[in-house]
Amino acid sequence: MVQQQTLKRRNHGRNKHGRGHVKSVRCVNCSRCVPKDKAIKRFMIRNMVESAAVRDIAEASVFEEYALPKLYVKVHYCVSCAIHAHIVRVRSRVGRRDRTPPQRFRGFNKDNKSKAAATKA
C-alpha cells in the first residue's frame with residue numbers, strides 16, 4: 001500500500017499544468033530565481049513624478065492641462081517576499097479553497113467621492 005502525500009494546494013502552488021518546464025524570473029525584491037508560473041505577478045502603474053513635485057511642475061509648465069507620464073511595470077515576487085510585503089496573505093486551510101478573486105480597490109474621482117457613490121447619484 002502506497003501512501004499519498006498530503007496535498008496543500010490543488011495546483012501545488014503553480015500554474016504549469018502539463019508544461020513540464022517553465023522559465024524562471026527574478027524576484028524584484030531579493031533577486032531569487034522563481035518559476036514564472038509560481039511567481040506572484042502584479043502590474044504596477046505609478047506616476048513618474050512623486051506627488052510632492054507635481055504642483056511645482058504644473059506651475060512651471062507652459063501647457064494648461066499637461067498629463068504627466070506614468071510608469072508601467074510588471075513586477076514578479078517570490079512567495080516569501082510577497083508574504084513579507086503583504087502583497088498576498090497566508091490563508092487558513094478552509095480559506096485556501098476559496099478561489100474567488102479578492103475585491104478590487106476602487107479609486108476616487110477628482111471630487112474625492114468614490115466611483116460607486118458617483119454612479120448612484
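## Asp37 and its contacts

The side chain of Asp37 comes to 3.2 Å from the backbone nitrogen of Lys16. This value, like the others below, is computed from a predicted model. A polar contact also joins the side chain of Asp37 to that of Arg14, at 3.1 Å. Asp37 sits in the loop that runs between strand S2 (33–35) and strand S3 (40–47).

Is Asp37 buried or exposed? Asp37 is classed as buried because its relative accessible area is 14%, and the cut-off for that class is under 20%.

## Salt bridges

How many salt bridges does a search of the whole structure find? The search returns 2 salt bridges. Side chains of opposite charge can pair when their charged atoms come close.

One of them is formed by the side chains of Arg14 and Asp37, with an N to O distance of 3.1 Å. This pair connects distant parts of the chain, 23 residues apart: Arg14 belongs to the segment before S1, and Asp37 to the loop between S2 and S3. Arg14 has a relative accessible area of 23% and is therefore partly exposed, whereas Asp37, at 14% relative accessibility, counts as buried.

A salt bridge also links the side chains of Arg55 and Glu59, at 3.4 Å from N to O. Arg55 and Glu59 lie in helix H1 (residues 51–60), and because they are 4 residues apart there, about one helical turn separates them. Both Arg55 and Glu59 are exposed.

## Overall fold

The protein chain contains 4 helices and 4 strands. What pattern does the protein chain follow when read along the sequence? The order is β-β-β-α-β-α-α-α. Of the 121 residues in the protein chain, 12% are buried; Asp37 belongs to the buried class.

Lys70 is a residue of strand S4 (residues 70–77). With a relative accessible area of 41%, Lys70 is partly exposed. The C-alpha atoms of Lys70 and Arg46 are 5.6 Å from each other, although these residues are 24 residues apart along the chain.

Strand S3 includes Ile45. Ile45 has 47% relative accessibility and so counts as partly exposed, since the exposed class requires over 50%.

## Surface patches

Which residues form a nonpolar patch on the surface? The patch consists of Phe43, Ile45 and Tyr72, and together these residues have about 370 Å² of accessible area.

Arg9 is located in the segment before strand S1 (24–26). The relative accessible area of Arg9 is 38%, which means that Arg9 is partly exposed. Arg14 lies in the segment before S1 as well, but Arg14 is paired with Asp37 in a salt bridge, and patches are made of residues with no salt bridge.

Note on methods
Residues numbered from 1 in each chain as written. Predicted model: local features only at pLDDT ≥ 70, side-chain atom pairs only at ≥ 80, totals over all residues. Heavy atoms only, no water. Helix = DSSP H or I, 4+ residues; strand = E, 2+ residues; numbered from the N terminus. Buried < 20%, exposed > 50% of the residue type's maximum accessible area, 1.4 Å probe, protein only. Polar contact = N/O pair within 3.5 Å; in protein donor to acceptor, adjacent residues only side chain to side chain. Salt bridge = Lys/Arg side-chain N within 4 Å of Asp/Glu carboxyl O. Patch = residues over 30% accessible without salt bridge, like charges linked within 9 Å, V, L, I, M, F, W, Y side chains within 5 Å. Areas by Shrake-Rupley, 256 points an atom, 1.4 Å probe, with all protein chains shown as cover.
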